[in-house]
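Here's a quick briefing on the fold you're about to look at. Have the viewer open and follow along.

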Amino acid sequence: MENYLVLIVEDEPAISRLLEAYLSREGFRTVQASDGETALQQHAYLKPDIVLLDIRIPKLDGLAVLARLRHTSSTPVIMVTALADDLDRLSGLHLGADDYVVKPFNPQEVVARVKAVLRRASGAQPNKLIRFGAIEVDFSSYSVVVAKDNTRQVLPLTLSEFRILAHMIRHPNQVFARADILDACLPESDALVRTVDTHISNLRRKLEDHGQIGFFPAVRGVGYRFAEPLLC
């Protein structure tokens, strides 16, 4: 579950900090919103992997936020609320919530629910977005973004460069031989194996231009890996 991004939508700072602490301890990244409008903006901008959504929040309540999310997204949503009434529970699930947690809650249980929902979601459909640190690969749009310090910068990659990065980021510590990279990423090309060196060099430079240092290290006599094990 490392590097999954959780959007916490909660207007009580103490509860938000508590959830953030427990999720961070398990390797999740978190971002917070204290009202419904900010939650929708954060979701559109950051594309979190899952949303923890309170019902009683300012500007737009949680059920309205959930309804809008379901018009545009299938992002998993867990409702976290003090409203334990069965009608509220059924309303949330009818609108498309994936799970429901009632306050007061055990934060460890919330983390367990997050993991369970993410496992179900990843099993139900292919992963269209992969993250490694600040690097995000979106397979639906063939784009790579560096998301850092509340900014998102798109890497200007060629199709060949995208294919290589997307292939290697799935197994970031695996060593790939040049011939294997060529076969997997450029099967229709007549390029020589050493062409891979040029693509890797360009990828490394473009990442460094966006503050991402140390990627695509060479493994002498073999080829390349996406990242050194210590970077994980």
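Strand 1 sends L5, L7 and V9 one way and V6 and I8 the other, and all of them are buried (buried means under 20% relative accessible area, exposed over 50%, partly exposed in between, with a 1.4 Å probe and protein chains only). Strand 1 covers residues 5-9, and 5 of its 5 residues are buried. Bear in mind that this is a predicted model: local features need pLDDT of at least 70, side-chain atom pairs count only at pLDDT 80 or more, and totals for chains, interfaces and linings use all residues. Residues are numbered from 1 along each chain as its sequence is written, and side-chain values use heavy atoms, leaving out hydrogens and water.

**Around strand 1**

- Helices (H or I, at least four residues) and strands (E, at least two) are DSSP runs, numbered from the N terminus.
- Strand 1 runs parallel to strand 2 (residues 29-33), joined by 5 bridges, and V9 stands opposite A33 there. Two strands count as paired if DSSP finds at least two bridges between them.
- Going from strand 1 to strand 2, the chain passes through helix 1 in a right-handed β-α-β crossover (clockwise from the first strand over the helix to the second, with the strands pointing away from the viewer).
- Strand 1 also pairs with strand 3 (residues 50-53), again in the parallel sense, over 4 bridges; here V6 faces I50.

**Two residues of helix 1**

- S16 sits in helix 1 and is buried, with a relative accessible area of 3%. Beyond its neighbours within four places in sequence, S16 is in contact with I8, E10 and Q32 (contact means heavy atoms within 4.5 Å).
- Y22 belongs to helix 1 too, which spans residues 13-25, but Y22 is partly exposed at 23% relative accessible area.
- Setting aside neighbours within four places, Y22 touches P107, Q108 and V111. Y22 and Q108 are 86 residues apart in sequence, yet their C-alpha atoms are 7.0 Å apart.

- An open sheet of 4 strands has the order 6-7-8-9, with antiparallel pairing. Its edges are strand 6 and strand 9 (151-154), each pairing on one side only.
- Neighbouring strands in this sheet are turned by 25 degrees against each other on average, direction ignored.
- Strand 8 and strand 9 share 4 antiparallel bridges, and K148 stands opposite T151 in strand 9.
- Helix 6 lies across strands 6, 7 and 8, at about 110 degrees to strand 7. Axes are lines fitted to C-alpha atoms, for helices over the stretch in contact, and angles run from 0 to 180 degrees between N-to-C directions.

**Nonpolar cores**

- The largest nonpolar core has 29 residues, and V137, L165, M168, I169, F215, F216 and F226 have the most contacts inside it. A core here is a set of buried Ala, Val, Leu, Ile, Met, Phe, Trp, Tyr and Cys residues joined through side-chain atoms within 4.5 Å.
- Helix 6 gives the most to this core, with 6 residues.

**Whole protein**

- The protein has 8 helices and 12 strands, and 45% of its 232 residues are buried.
- Of the contacts between residues at least 6 apart in sequence, 59% join residues at least 24 apart.
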